[in-house]
Amino acid sequence: MSGALDQAAERIRLWREKPHAMVRELFGTVPDAWQDEVLEAFPHNPRMAMNACKGPGKTATLAWLAWNFLLTRPHPKVAATSITGDNLHDGLWTEMAKWQAKAPLLQAAFKWTKTRIFAAQHAETWWMSARTWPKGGSKDQQADTLAGLHADYLMFLIDEAGGVPDAVMAAAEAGLANAMGGGGHEAHVVIAGNPTHLEGPLYRASTTERHLWHVVNITADPDDPKRTPRVSVEWARQQIEKYGRDNPWVLVNVFGRFPPSSLNALLGPDEVRDAMNRHYREHEYSNMARILGVDVAREGDDASVIFPRQGLVASMPIMLRNADSLQGAGRVARVWQDTDADACFVDNTGGFGGGWIAQLRVLGRSPI
């Protein structure tokens with residue numbers, strides 16, 4: 001009996017250092033090349049990011065990492081989230097159940113519920129939880145999604161991270177603080193998604209913060225020898241032929257690369273940089289109308305903005321935080337007078353600009 005226990009303990013120790021061995025032995029499956037890269041890098045990297053094309057098996061990889069952490073660390077806590085509760089339930093949480101069903105060891109050691117997976121003998125201290133935030137929730141509510149977790153072994157999984165709010169990611173990053181300070185603690189943040197947004201956690205991990213992350217790019221490019229085999233070569237070639245290799249949809253869904261502009265954005269960073277580098281002589285715009293654009297913030301961290309321009313030439317915007325209707329309208333009226341503006345446009349979407357508009361009219365102005 002003791003020999004069997006010793007042998008089991010030895011396998012657990014091996015799987016902790018070599019998750020790719022666990023996937024092969026416990027689940028009886030052979031990972032793809034890019035999945036092996038993720039599995040081998042996981043024990044040595046507290047931050048990991050996966051930029052994925054369409055359908056390469058990234059959610060299965062997240063599930064393998066979660067089961068590896070749950071099985072090979074004592075009393076771990078794992079928190080998982082996604083862009084929506086439905087996405088988390090239909091994606092990662094279902095994938096966790098699928099792989100547990102393939103491993104008698106996991107079926108015996110852990111219990112699966114719709115919101116929690118826990119060790120049968122240590123339900124209160126050894127678990128993984130599914131976490132979401134309310135639709136339209138404030139930044140505080142978003143941050144609470146992953147906040148408040150403390151354990152010697154801590155893990156955060158964020159699926160579809162391209163559209164996850166920054167407040168959620170900030171809470172996960174805070175969980176790394178103890179582990180990076182030493183003391184035998186271990187913590188990981190693993191994010192994955194399609195590169196659809198030129199902002200947010202996945203984009204930063206792949207660009208400005210890349211030196212902090214182990215980033216794996218997953219492609220279905222039919223000409224790349226490291227492509228995922230789970231995406232049809234024929235389908236990939238059809239999309240490239242139909243739309244072109246530089247098409248944003250192809251870049252995201254076939255190549256797993258960020259497009260020049262977000263799929264739901266009017267302007268991309270290249271166009272913004274080009275605009276900032278253009279310069280005009282005064283005689284080219286001096287006879288054009290002077291315009292003020294006003295965007296009224298709702299509350300909190302958002303700022304209200306007064307943006308002067310003349311023709312195609314923009315001046316530095318004026319940003320106001322926590323300004324009420326009297327303060328905001330007063331500032332707009334002063335800028336209007338100082339710039340001798342010909343017109344002022346106030347964005348009243350959702351009615352947030354209504355108070356400013358009313359106060360400007362009291363001050364004798366006629367905003368549009």
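**Entry 1. Arg73**

I began with the contacts of Arg73: leaving aside neighbours within four places in sequence, Arg73 is in contact with Arg16, Phe42, Asn68, Trp126, Tyr153, Glu186 and His188. I take contact to mean heavy atoms within 4.5 Å.

This is a predicted model, in which local features need pLDDT of at least 70 and side-chain atom pairs count only at pLDDT 80 or more, while totals for chains, interfaces and linings use all residues. Residues are numbered from 1 along each chain as its sequence is written, and side-chain values use heavy atoms, with hydrogens and water left out.

I placed Arg73 in the loop between α4 (58-72) and β2 (77-81). Helices (H or I, at least four residues) and strands (E, at least two) are DSSP runs, numbered from the N terminus.

Is Arg73 buried or exposed? Its relative accessibility is 2%, so I log Arg73 as buried. The cut-offs are under 20% relative accessible area for buried and over 50% for exposed, with partly exposed in between (1.4 Å probe, protein chains only).

I also noted a polar contact of 3.2 Å between the side chains of Arg73 and Asn68. A polar contact is a pair of N or O atoms within 3.5 Å; within protein, one must be able to donate a hydrogen and the other to accept it, and residues adjacent in sequence count only if both atoms are side-chain atoms.

**Entry 2. Trp126**

Trp126 is on the contact list of Arg73, and I looked it up next. Trp126 sits in the loop between β4 (116-119) and β5 (127-130). With a relative accessible area of 16%, Trp126 is buried.

Apart from neighbours within four places in sequence, Trp126 is in contact with Leu70, Arg73, Pro74, His75, Pro76, Phe110, Ile117, Phe118 and Ala119. A polar atom of the Trp126 side chain lies 2.8 Å from the backbone oxygen of Leu70. For another tryptophan I checked the spacing: Trp126 and Trp34 are 92 residues apart in sequence and 29 Å apart in space, C-alpha to C-alpha.

**Entry 3. Strand β7**

Why do I call strand β7 (residues 186-193) largely enclosed by the rest of the structure? I do so because 8 of its 8 residues are buried. On one side I find Glu186, His188, Val190 and Ala192, on the other Ala187, Val189, Ile191 and Gly193, all buried.

I then looked at the pairing, where two strands pair if DSSP finds at least two bridges between them. Strand β1 (residues 47-52) runs parallel to β7 and is joined to it by 5 bridges; Ala49 stands opposite Ile191 there. Strand β6 (residues 153-158) is also parallel to β7, with 6 bridges, and Met155 stands opposite His188.

**Entry 4. Nonpolar cores**

A nonpolar core is a set of buried Ala, Val, Leu, Ile, Met, Phe, Trp, Tyr and Cys residues joined through side-chain atoms within 4.5 Å. The largest has 54 residues, of which Phe27, Met128 and Leu157 touch the most other members. The helix α4 gives the most to this core, with 10 residues.

I listed the contacts of Leu157, not counting residues up to four places away in sequence: Leu62, Ala66, Val78, Ala79, Ala80, Thr81, Leu92, Met128 and Val190. A second, separate core of 23 residues includes Phe156, Val168, Ala171 and Val189.

**Entry 5. Cysteines**

How many disulfides does a search of the whole structure find? It finds 0, with a disulfide taken as a pair of cysteine sulfur atoms within 2.5 Å. Cys53 is buried at a relative accessible area of 0%, and Cys344 counts as buried at 1%.

**Entry 6. Asp166**

Asp166 is in helix α8 (residues 166-174). At 41% relative accessibility, Asp166 counts as partly exposed. Asp166 touches Gly200, Pro201 and Arg204, not counting residues up to four places away in sequence. Its side chain makes a polar contact of 2.9 Å with that of Arg204.

**Entry 7. Whole chain**

I counted 15 helices and 13 strands in the protein chain. Its C-alpha atoms fill a box of roughly 90 × 50 × 35 Å, taken along the principal axes. Of its 368 residues, 44% count as buried. Among contacts between residues at least 6 apart in sequence, 62% join residues at least 24 apart.
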